[in-house]
Amino acid sequence: MAHDLGYNSIDILEEMKSYAKLNIELFNKILELKKKNKVGLLSNAAIGIFDLLFPDLDFHVYFDKAFVSCDYKIKKPDLKFYNLAIDQFHEDFDEIYFIDDNISNIEVLKNTKIKGILYNNNNNEELFRLLNKYI
């Protein structure tokens, strides 16, 4: 893609790395949550971007299943993507929560069995209060 746009791919990757930050507190909370719950990752990220940005991080430690849109040729906020992820767990869940920082990915869930939660990336405290009920 960088070549097609006339950019140096190394420069683009370095810029992306400068913006990519892991929320360690949140990842630790996910580990706690995973002890009693199933936890999935739904992402619209490009192919291989996690490996490029976070080569030492094993996402499977934190998530039972990961769904990256490019692998399925479908992405959020398409309801088919959410339903595909739920179906892949092969379980009947009493409650399903989806947490995202993009309101359009939450609004699409209004008339479904999935409860959408809007997450402010700058405020773990509010989200942690909710998640603590399930730990």
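## An exposed histidine

His90 counts as exposed, at 68% relative accessibility. In this predicted model, His90 sits in the loop between helix H7 and strand S3, which covers residues 96-100. Its backbone deserves a look too: His90 is not a glycine, yet its phi is positive, at about 55°. As background, most residues other than glycine have a negative phi.

## The chain as a whole

Now let us step back. The protein chain holds 9 helices and 4 strands. Starting at the N terminus, the order of elements is α-α-α-β-α-α-β-α-α-β-α-β-α. The C-alpha trace spans about 50 × 30 × 25 Å along its principal axes.

How much of the chain is buried? Of its 135 residues, 33% count as buried. Contacts tell another part of the story: among those between residues at least 6 apart in sequence, 58% join residues at least 24 apart.

## Surface and charge

The protein chain exposes about 9,400 Å², and carbon and sulfur atoms supply 51% of that area. Turning to charge, the chain carries 17 positive and 22 negative side chains. The centres of these two sets lie 5 Å apart.

Which kind of peptide bond joins Lys76 and Pro77? The bond is cis, with omega at about 10°. For context, most peptide bonds are trans.

Lys73 is found in the loop between H6 and H7 as well. Although Lys73 is not a glycine, its phi is positive, at about 60°. Is the Lys73 residue buried or exposed? With a relative accessible area of 73%, Lys73 is exposed.

## A buried asparagine

Asn105 belongs to helix H8, which runs over residues 103-107. Asn105 counts as buried because its relative accessibility is 5%, and the cut-off for buried is under 20%.

What does Asn105 touch, leaving aside residues up to four places away in sequence? Its contacts are Lys76, Pro77, Tyr82, Phe98 and Asp100. Two of these names, Lys76 and Pro77, are the partners in the cis peptide bond. With Asp100, there is also a polar contact of 3.4 Å between the side chains.

Conventions
Residues are numbered from 1 along each chain as its sequence is written. This is a predicted model: local features need pLDDT of at least 70, side-chain atom pairs count only at pLDDT 80 or more; totals for chains, interfaces and linings use all residues. Side-chain values use heavy atoms; hydrogens and water are left out. Helices (H or I, at least four residues) and strands (E, at least two) are DSSP runs, numbered from the N terminus. Buried means under 20% relative accessible area, exposed over 50%, partly exposed in between (1.4 Å probe, protein chains only). Contact means heavy atoms within 4.5 Å. Accessible areas come from the Shrake-Rupley method with a 1.4 Å probe; for residues, only the protein chains shown count as cover. Lys and Arg count as positive and Asp and Glu as negative; His and the chain ends are not counted. The place of a charge is taken as NZ of Lys, CZ of Arg, CG of Asp or CD of Glu. A polar contact is a pair of N or O atoms within 3.5 Å; within protein, one must be able to donate a hydrogen and the other to accept it, and residues adjacent in sequence count only if both atoms are side-chain atoms.
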